[in-house]
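Hello,

Here is the structure I said I would pass on. Please open it first, then read the notes below.

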Amino acid sequence: MGKTRAFDVTTLPGFTFIAILAFVLLYAPIVTLVIYSFNGGNSVNQWGGFSLEWYAVAAQNEAVQDATARSLIIAVWASVISTALATMAALGTTRRGKFTGQTVIYVIINQPLMVPEIVTAVALLIFFSSVKVATGYSGLGYLILAHSAFCIPFAYLPIKARLEGMDTTMETAAADLYATPLQTFRYVTLPLLLPGVIAGAMLAFIISLDNVIITEFVKSAGQDTLPTYMLGQLRRALTPEVNAISTALLALTILILTLFVFVTKKRG
Amino acid sequence: MSRPETGRKAPRSKGVDGWLLSAPALILLIVAASGPLLIVAIYSVLEKGDYSGVRWILSGEGWFRVLFERDIFDQTISLADANLSIFWRSIKLSIATTIITFGFGLPTAWFIATRPARSRAFWLFLITVPFWTNLLIRTFAIMEVIRNQGILNTFLTHFGLISEPIQILYTDTAVLIGMTYVYLPLMVLPLYAAIDRFDFRLIEAGYDLYASRWQVLRGVILPIIKPGIVAGSILVFIPSLGAYVTPRVLGGGKNMMIGNFIELQFGQGQNWPLGAALSTLLLLVVLVSLIVYTRVSSKDNTNG
């Protein structure tokens, strides 16, 4: 290799090429799926011109309407519950120095990130099926409970990150001015923490909306969410309708993520 | 916990507050996530019920059936080949996925980390969008590409590279392609985090000492970003091993992985103790990987 000094030390041969290839390979399938969702005609194999036909078909399908409503109800409840609990836990575990058993709390909170989803799904199937028999209740409560639990670590992380970046001088000032702990929290800590809380709620919402495996095992008959409905459709052939639903979900995810970037960027 | 107390020890009340504030989250997690895992472990040593479920009689049959089978007629014991081939496929595909995602992930993470600060956020966003996109949608997207009448086969046939479509869908290759596709962001993000902290002057020093590019990569870059490599590998390996959706959609019924095999025991197979034993086994493998990970990364911290 020639000893020319003119090269950039950060460049490694072939790396840029592979990186660009990786981005192309990551996006090509998604773009294809989006394009095909606008395909007119009945076949998924031939391009029949631009059309919103399959969006209309999906929107008029009662099963899709029900599944969408159910997905949204569960995701709203799960993100509200998990964010509230995660905020409390983050306040309890950050900015107060090390305390006994802190590691235990971290392990339990992050446990859903570590255990394979299929194992949790099976565990909940066993547990909830006996609870269903014992109580006779088989409503959406089980799904909301399960979703709220596995959303906690996703809500917890951005809230904790925000808290760690905040110094305690404002709260000390509030306390010096005779604010009660509750007033300090309500008027000082919470407004400062809000971007973290919103970001956490958004991530929890996406995670709940996307969940397939745990939902598939916990749901009772007739409790399909959008992802489990789509998985069920796949037993037959791939339909353009599924492409349309996928694209709609994708658009929602990108929208929430973009909002997330804006919320977390503004450093107050 | 067992770590010796360093620095100032927090007053007792702070710990109590910490536990009280965390309690609601912990209770929910124990009820609807961690606790039921214990039930799975218990079910794995119970006797199989007539149709589904269990009888509350202690039995090692569930664990026995993980590796062995008994002949119905003469009760001879033999290795359960079908199970072994499923385990082998899961391990093989998970290792292959980890290696391939690393092959693509390292250059990608390197590329992002060496962009100017302004455009870096954009490239990072491009990696995070697939990460947060529904796994099912991404699996559908790959299916669309590799199926017989899909883009890939149409393209290859059109240019005369192949005369008839290659059957990729419903093979192990399809599962491998799918898992590589869906888990790539999980490799890129920790690698990026490691490279982002990397001091590029070290590379310059390496070149000044007449190291070749390959020597710089092997001797300087890789050892320093090792924690990122280990984290990325764990993040890809664990979900690959427990994968359910991707093998189900792209592998078809035949090319099962452990995740699908577990589901089968709770569905058609109706052997809950076996399913519970398989789940416990999977959990143990994950636990061991995590312990190895913690060991490796804490050793690196003390060295560096």
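**Where the chains meet**

74 residues of chain A are in contact with 74 residues of chain B. Two residues are in contact if their C-beta atoms, placed from the backbone, lie within 7 Å.

This is a predicted model: local features need pLDDT of at least 70, side-chain atom pairs count only at pLDDT 80 or more, and totals for chains, interfaces and linings use all residues. Residues are numbered from 1 along each chain as its sequence is written, while chains are lettered from A and ligands numbered from 1 in the order in which they are written.

Which helix supplies the largest share of the side of chain A that touches chain B? It is H1(A), with 12 residues. Helices and strands here are DSSP runs, numbered from the N terminus (helices: H or I, at least four residues; strands: E, at least two). By class, that side of chain A has 54 nonpolar, 16 polar and four charged residues. Nonpolar means Ala, Val, Leu, Ile, Met, Phe, Trp, Tyr, Cys and Pro; charged means Asp, Glu, Lys and Arg; the others, Gly among them, are polar.

**Inside chain B**

Chain B is assigned domain 1 (12-77) and domain 2 (79-303). These bounds come from an automatic or database domain assignment. The C-alpha centres of the two domains lie 28 Å apart. Their contact takes 22 residues from domain 1 and 15 residues from domain 2. On the domain 1 side, H2(B) gives the most, with six residues. That side has 11 nonpolar, six polar and five charged residues.

Best wishes
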